[in-house]
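The sequence and structure are shown first.

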Amino acid sequence: MQEKPPSQQDDFTVAHREWLSERVAHYLGHPVGENASLTAEGLDSVAALSLYGDIEEEFGPLIEPDDIWAYPTVRGLAHLLAMRDTRGEGGRVRAAFVFTGQGSQHPGMTSGLYLNSTGYRTFLDEADAALSPWTKESVVRLILSDDPRIHRTALTQPALFAVEYALARTLQEAGVRPVAVLGHGIGEFAAATIAGALSLADAARVVSMRGAFMQYLPPGGGMMATCLTPYEAAEAVAAEPAVGIGAINAAKAVVLSGDRAGLERIEAALAGRGTRCRHLAVSHAFHSPLMASVVPKFEAIVRRTAGGAARVPFYSTVYGRLATEPLYGPYWTEQITAPVRFADAARGLLAQQAPTHVVEIGPQAVLTPYLRRLGGSGGPVCIPVCQGPASDAVDLAGVISALDAGPLAAALTGA
């Protein structure tokens with residue numbers, strides 16, 4: 001992806017800052033410094049709505065009214081406008097990264113990339129080195145040996161994190177700079193690391209602990225995909241306190257999670273109405289009430305994690321929106337039992353960031369069909385960086401080419 005040279009990027013941001021400074025001065029009746037808090041300077045809700053109208057008229061639908069409060073300085077708000085304003089960019093690619101969750105893993109995942117892509121090998125080794133002190137097992141060795149233990153939660157979560165981190169860093173090294181990131185479940189940790197909210201070392205420690213704690217939960221939990229709306233799903237679980245909504249992937253694609261016997265009772269009731277259900281091949285009831293026993297000791301671990309604000313727009317599947325708050329320990333604790341609000345977060349990303357491409361970062365395509373459906377016929381190009389077990393360096397070269405990035409020769413050998 002060819003970005004503007006730094007001087008052009010700076011000029012672009014300065015133009016937005018100058019325009020915004022003039023409009024803010026108009027509503028306040030006096031000029032303000034670019035780093036001054038607009039609320040402290042006296043911008044009230046009426047003036048903020050009027051300013052939002054000016055922005056909508058000048059630039060189109062780049063922001064929501066709440067963004068004015070979330071980015072409360074001229075500099076911060078102008079930077080947001082410049083980042084989202086695609087006018088005059090021609091055919092420049094704007095790629096968003098969406099990181100896949102648990103269930104996408106498989107034995108030998110990305111082994112073809114590891115053997116034939118120098119860049120990918122470097123970054124997977126880097127992630128492996130960060131994880132090894134905690135897992136006491138090499139993720140690389142696990143992957144290259146086609147070991148079926150990849151499906152054990154204590155190994156699945158670190159392995160997925162490592163693979164997704166390495167895939168994203170490989171794309172970045174080739175010149176692809178994400179305009180936003182979003183992660184589904186465990187994918188949020190790789191998304192946060194790429195966005196700069198977590199260091200690789202901290203993310204590796206937390207992900208390893210998370211997987212280990214969940215591995216030793218009692219058996220009896222499950223997850224079930226349904227063709228229900230969120231409202232219908234809430235009604236379905238109302239009489240089952242040990243079952244909750246685990247994920248909302250689309251308007252009529254909700255995953256229920258919890259006690260397996262409770263899921264079977266719900267399935268029988270839905271079958272009588274002609275509603276299809278499918279049990280997922282998972283070891284535990286993720287994002288459900290059955291995760292509650294993990295929370296206290298996980299909270300104690302993440303309390304010492306130095307999370308921070310994302311430097312790339314981070315769309316939270318806990319909140320279902322752009323997260324402007326720092327991603328400290330309480331966020332990652334809440335994430336364990338909270339439903340994955342993927343559909344809401346993805347809709348927000350597509351509407352607010354206007355990406356030309358959405359890249360699914362994971363060992364196989366899982367979320368791409370949902371993303372295509374959410375984007376509609378006029379939406380972005382949605383491509384998985386890996387199609388599945390057979391994906392190799394040649395396929396990666398095709399993805400990089402589709403994103404108008406390169407040079408490929410620096411990233412690939414033997415392709």
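## Loop residues with positive phi

Asp146 lies in the loop between H7 and helix H8 (153–173); helices here are DSSP runs of H or I with at least four residues, strands are E runs of at least two, and both are numbered from the N terminus. Although Asp146 is not a glycine, its phi is positive, about 55°. Asp146 is partly exposed, at 46% relative accessibility (buried is under 20% relative accessible area, exposed over 50%, partly exposed in between, with a 1.4 Å probe and protein chains only).

The loop between helix H6 (118–135) and helix H7 (139–144) contains Lys136. Lys136, also not a glycine, has a positive phi of about 55° and is exposed, with a relative accessible area of 70%.

## Basis of the values

The model is predicted: local features need pLDDT of at least 70, side-chain atom pairs count only at pLDDT 80 or more, and totals for chains, interfaces and linings use all residues. Residues are numbered from 1 along each chain as its sequence is written, and side-chain values use heavy atoms, with hydrogens and water left out.

## Helix H2

Ala47, Ala48, Leu51, Tyr52, Asp54, Ile55 and Phe59 are the buried residues of H2. Seen down the axis of H2, they fall within an arc of 160°, so they line one face of the helix (the arc is that of the directions from the helix axis to the C-beta atoms). Val46, Leu49 and Glu57 are exposed on the face turned away from the buried side of H2.

Just after H2, Gly60 adopts a positive phi of about 90°.
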